[in-house]
Amino acid sequence: MELVIRRYGPADLPGMVGVWNQVVEEGIAFPQEECLDLESGRAFFAGQSYSGVAVELDTGKVAGLYIIHPNNVGRCGHICNASYAVSAVHRGLHIGEKLVLDSLEQGRGLGFRILQFNAVVESNTHARHLYERLGFQQLGTIPGGFRQKDGEYVNICPYYRTL
């Protein structure tokens, strides 16, 4: 399967909303609890500094996506934050790695100097290993910082990497 990763366009929105909502509904990685519809998704993805999408070249199907936005304002506005989502049927194909690598490039191009993840769930070992392999440093652990869908509180691990 060949993929292209690029800035999203209006035709990508239904697939992006579907992939985003999959991760939200799983309730084990994203802090959001409310799913997007097409209208709220349009506003959400347009409101980011950059929204990227991984699309199958032959079918145009959305395999994954990411968003980048400032992590803070003013004197900390040079730090960005990103979130990544890969559709359940595309997991295990290294699409997440391609999305992270593209986001590093895009973040740098937008003038950000640091990429910080505020809330990587400790049990998300695949993501954590990927981030560490790509040079991210764990800042510590926040005990019980994430409430999973089942109501259990689990630890989160903030990470950062300079761009």
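Asn 21 is buried, with a relative accessible area of 11% (buried means under 20%, exposed over 50%, partly exposed in between, with a 1.4 Å probe and protein chains only). A quick note before we dig in: the model is predicted, so local features need pLDDT of at least 70 and side-chain atom pairs pLDDT 80 or more, while totals for chains, interfaces and linings use all residues. Residues are numbered from 1 along each chain as its sequence is written, and side-chain values use heavy atoms, leaving out hydrogens and water.

**Exercise 1.** Find what the side chain of Asn 21 reaches.

*Solution.* Start in helix α1, residues 13–26, where Asn 21 lies. Next, skip neighbours within four places in sequence: Asn 21 is then in contact with Cys 35 and Leu 36 (contact means heavy atoms within 4.5 Å). Finally, look at the backbone nitrogen of Leu 36, which the Asn 21 side chain reaches at 2.8 Å.

**Exercise 2.** Decide whether Ser 87 is buried or exposed, and find its side-chain partner.

*Solution.* Go to the loop between β4 (79–86) and α3. Ser 87 has a relative accessible area of 5%, so Ser 87 is buried. Leaving out residues up to four places away in sequence, Ser 87 touches Val 19, Gln 22, Val 62 and Ala 63. Its side chain pairs with that of His 90 in a 2.4 Å polar contact.

**Exercise 3.** Work out which residues make the contact of α3 with α4.

*Solution.* Pick out α3 (residues 95–109) and α4 (residues 125–133), whose axes are 11 Å apart. Then list the contact: Gly 96, Glu 97 and Val 100 from α3, with Leu 130, Tyr 131 and Arg 133 from α4.

Technical notes
Axes fitted to C-alpha atoms, helices over the stretch in contact; angles between N-to-C directions. Helix = DSSP H or I, 4+ residues; strand = E, 2+ residues; numbered from the N terminus. Polar contact = N/O pair within 3.5 Å; in protein donor to acceptor, adjacent residues only side chain to side chain.
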